[in-house]
Amino acid sequence: MHTVTGIVAVSYINEAIDQGNPGKTLETLLLPTVKLHDVNPTNARHYQDVLHDAKVQKCKESHDESAVLWLDEIQKGINDANSNIEKAANLALGTSMINKCLEKHDSQPVLDILQSPKFGLRVVPECAEAYYKNLLEAKNLKTKEDSSEGPWLKLIMKNRYDYYYNVETGESTFVPPEGFIPKTSWLTSEEIQTIVGQVTADYNREQLWFANENLILQLQALARGFLVRKSYEERKGFLQKQEPSVIKIQASWKGYKQRKSYTDRLRVLQGNVAVIVKIQSWVKMWLARKAYKKRLQYFKDHNEEIVKIQAFLRANKARDDYRTLIGAENPPLNVLRKFAYLLDQSDLDFQEELEVTRLREEVVTKIRSNQQLEKDLNLMDIKIGLLVKNRISLQDVVLHSKKLNKKSKNQVEEMVTGDKQGIKGLSKERRKQLEAYQHLFYLLQTNPMYLAKLIFQMPQNKSTKFMDTVIFTLYNYASNQREEYLLLKLFKTALEEEINSKVDQIQDIVTGNPTVIKMVVSFNRGARGQNTLRQLLAPVVKEIMDDKSLLINTSAVEVYKAWVNQLEMQTGEASKLPYDVTTEQALEHPEVVNRLESSIQSLRTVTDKVLVSIFSSLSMMPYGMRYIAKVLKNSLHEKFPDATEDELLKIVGNLLYYRYMNPAIVAPDGFDIIDMTAGGQIHSDQRRNLGCVAKVLQHAASNKLFEGESAHLSSMNTYLSQTYQKFRNFFQTACDVPEPEEKFNIDEYSDMVTLSKPVIYISIEEIINTHSLLLEHQDAIAPEQNDLLNELLEGLGAVPDVESFLGEGAVDPNDPNKENTLSQLAKTEISLSLTSKYELQEGEDQDLKGLMIKTKRLVVDVIRTQPGDTLLEILETPASAQQESEHLKVVEKRAILDSKTPEKMKHSQSMLEDGQLPIEQKKRKIQRNLRTLEQAGLVSSANKYQEIINEIAKDIRNQRRYRHHRKAELVKLQQTLSALQSKTAFYEDQVNYYNTYIKTCLDNLTRKNSRRSIKLDGKVEEKGSKKLKQTSLKYTAARLHEKGVILEIEDLQTNQFKNVMFDITPGEEMGDFEIKAKFLGVQMEKVELHFQDLLQMQYEGVAVMKMFDKAKVNVNLLIFLLNKKFYGK
């Protein structure tokens, strides 16, 4: 009903707008049912004009004369009208102030007024006098023009709306006032802006001349040069005009001299022919011998250089050949033949592959082990905390501590991988089920859309657990580049899906808790990204924590309380200052203000150090975080094209700083940024220092200033704005990363050159849960009937239980703890070698993809032993005996290598058999395969089967990339494993610390029980204790009130305090006190008081505590009294 009323109100507003009556329009705008904000009755005329123009514009855009304004468009019109009025009022006020200054001949404020945002002018301080002079001259001219004038200034807003401003009364209106006469002697805002703009332009032009003095000189020099060249060209033109005559004269003279010289020389040679011939032969012989000896000696002197040059030329030729191989669209066969050896797998390849597989398994297992150990330790923390508070018994804690010593993984693994009944048993049915799950998880791993849809089909609490276990397990925690690439593809797909389906406003990413963002941050702060955070933040965080003199507190109330506590501890007397104050009251004290300023100065210095560390370490930030930031920015820009760059970068900052870095700064112990000993913890001063730094960085990253409750920190607002600009550049640069395909060099052929299949390590429980979830949400994930996922799920059938995975007889059916046993066994991890169901199966030669792979291997074998310009030429030319012999050696060498190859890395049996064939049989099989491939359109004999040559070239390139990536992955896995082992060692220290603590508790319990004996009357007798208890202290409440310890007692007047008695007795343990009290003769129950608790309250700034739920006690003075009476301090 309320919605209908609002719609009616909106229709009333549109009708009033059409009528053109501002009063009527104002009445409808003020209707309570419409709930419009910021409606000012004095602006009714302008509301009418703006809303009417908006409605006309909407009709024009929609080509619908009956179009009406909606509620948000009406609100926008009101906001625009208010903004217009505010800008016009500011401009009118500024114009008035300028004219008043000109009338008073006061030039001082003119520049400040022009620089204000009211005019929006670009003002140069150096032109202040020129501004004033020109404005004054213009005003004097206007004064002479007309002597009669009114008090009104007229402004035109947005070239459409008239605005009238009375310079005498400050009144403003949109309707021409009665008897309107403009103030003609004053300059208008347009005239002021024109004059100021002209002065600024003249100044800039003058500065331009000064700045370009050298260019002017060059221009003059060019002009003089032009004149000289002009004179030269005139002279040259004259000579060119007379050129035929000059040439004739020169030719006649040169011809005469040459003929005379030739005639004389010919006469001498004709007289000495025999002598000349003999001399020539001797000289030629001598020159030839000399040149030969010199060249020979040169070669001997530069033998090393010549060898290097030859090597360089050969290497250059090899590089050119390799560039041709990787860059040419159709690499020639002779080039391919030189690099065919790169496709061979060496012993080193197998060793590295086995080492990578082993390390990957160890890393994944260690990650999962550490996660479980961390969960158990966190639960142990809670249990010990409850023990300290007497909320649970010591036996419960001891029972949980035993669970930290888990059963060996291998003990349970044997049940699953047993040779009889487990899922990896040697039966056809078990093998079929295992292969079905391997096909299923391969499909899920390589097609991110399935998991992306599944994540959003589940409730958020369930999807979070699913992501933390199954998804990261499926991608082996991105332990190699292939899996990191696939995981990033999943993140990208899921994030785009979430933004398109769940984000309605751009701020939802910040205010909500997006599932994918949470998953990305969690992954990059885990084992893979932990080292990065540690390298990035550890040095500066440790420096802050090690600075014992650093004490930052930006809370005025806390600073005030600490100051009061200090005064009371120094004097031993109750302070006359109140304990509970507001921030404003605390800031009235100069000492508090001084301490705050000191904290702010220290805070800036420390924050700058953290900023330098962050900004200089961009290259260390995980690629995955930067890529997801890029995806987030692009996806939001695509969905919200009107969003500004600043808005998008704030969202990116929320991801990169607030969600990723900020928690590690606030709690470095919780993210392994710093090394903590077992049982150690960060001091509250250190944590507060880090919290203050994080708060400033958070405000700077989001461009949020200190206001409201934090207004006393407003002196840092300029610093925050400057820091935001640095953050903005940082976020822009962070998003500038290549796509994963380019980063990881992954393409469709990557899986073809790998020696081993992808392997994941997943628990039985996770397999069952994943299978169950896929079946539950199958219609949403794979709606198409012929979807590959539907086919695989149909083949798997119903979800099996844990017992069927383990096999019958794995668990005793009569075991009373069968359920618990199965629950523990469900956590058993098994390894799955992932394969695609739709790849080549043995014997399926008709499969074109498999046929292409087989043919390529045969072609490589042939071209390595038989040269030729084209494949067709090689296939048609019979091999020589020497080539057959070379081929046989290659076959024998491969057979030896295959015998050493691990079973899981071997190729199919048919490929091994093809490799053993003689060269001529291989060539015949190649020809048959090529005809089949040509019929399928994959190759063509017209271009001499160049397509298969190109495919082999791709395999060579990918093999090289894979070897390079594998070496990098080995190093990365070793580093990760080392970090995980360090973390495991830390957790083991924690376990030892907890075990020691529990043992101490047990010893204390045993000792206490042995020291006490119960008498018949029920009293407890201390054995072996001969010394008497310490004397207790007795005070009346009146005496304690005089000392300032007791502040008040509820429902009791001060003059009755003398009837209240307090008895303070030290307990058995050091620092424990027992306090008994009688209020007006009524015995109250005793209170146990721990001195450590008092010190903690004092540290936390708690000045007053309640005792017996009636008496208010001064904590500082109570500590002072106990120190004085019991500890002699």
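The following questions and answers examine a predicted model of one protein.

Me: How many helices and strands does the protein have?
Reply: This predicted model comprises 1129 residues, of which 41% count as buried. Among contacts between residues at least 6 apart in sequence, 70% join residues at least 24 apart. As for its elements, the protein has 44 helices and 15 strands.

Me: In what order do the three strands of the open sheet stand?
Reply: Six bridges join β1 to strand β2 (residues 161-166), and two bridges join β2 to β3. β1 (152-157) and β3 (172-173) each have a single partner strand, so they stand at the edges, and one side of each is left without a neighbour in the sheet. The pairing is antiparallel, and the order is β1-β2-β3.

Me: Which residue of β2 stands opposite M157, and which stands opposite T173 in β3?
Reply: β2 runs antiparallel to β1 and also antiparallel to β3. On the β3 side, the residue opposite T173 is Y164.

Me: Which residue in the turn between β2 and β3 has a positive phi?
Reply: The strands β2 and β3 are antiparallel and joined by two bridges. They form a hairpin, with five residues between them. In the turn, a positive phi of about 80° belongs to G170.

Me: Why is β2 described as largely enclosed by the rest of the structure?
Reply: A residue counts as buried when its relative accessible area is under 20%. β2 has six residues, and it is largely enclosed because the number of them that are buried is five.

Me: Is the pair formed by the rings of Y623 and Y627 stacked or edge-to-face?
Reply: A pair of aromatic rings is described by the distance of the centres and the angle of the planes. The structure holds nine aromatic pairs. In the pair of Y623 and Y627, the centres are 5.9 Å apart and the planes stand at 15°. Planes under 30 degrees apart count as stacked, so this pair is stacked.

Me: How many residues apart are Y623 and Y627 in helix α26?
Reply: Y623 is buried, with a relative accessible area of 11%, and Y627 is buried as well, at 1%. Both lie in helix α26 (residues 623-639), where about one helical turn separates them, because their spacing along the helix is four residues.

Me: Which residues form one aromatic cluster?
Reply: Ring centres within 6.5 Å make a pair, and the structure holds nine such pairs. One aromatic cluster is formed by F615, Y657, F727, F730 and F731.

Me: What is the volume of the largest cavity?
Reply: Rolling a probe the size of a water molecule over the atoms shows where empty space is left. The structure holds three cavities of 30 Å³ or more. The largest cavity has a volume of about 80 Å³.

Me: How many residues of the lining of the largest cavity are nonpolar, polar and charged?
Reply: The lining consists of L1040, V1045, I1046, F1062, I1064, I1075, M1107, V1113, L1118 and L1121. At least two of the lining residues come from each of β10 (1061-1066) and α44 (1115-1126). By class, the lining residues are ten nonpolar, no polar and no charged.

Terms used. Residues numbered from 1 in each chain as written. Predicted model: local features only at pLDDT ≥ 70, side-chain atom pairs only at ≥ 80, totals over all residues. Heavy atoms only, no water. Phe/Tyr/Trp six-rings, centres within 6.5 Å; stacked < 30°, edge-to-face > 60°. Buried < 20%, exposed > 50% of the residue type's maximum accessible area, 1.4 Å probe, protein only. Pairing = 2+ DSSP bridges. 1 Å grid on protein atoms, 1.4 Å probe; cavity = no way out; pocket = protein on both sides within 12 Å on 5 of 7 lines; lining within 4 Å. Points joined across faces, edges and corners; volume = space filled by probe spheres on them. Nonpolar A, V, L, I, M, F, W, Y, C, P; charged D, E, K, R; others polar. Contact = heavy atoms within 4.5 Å.
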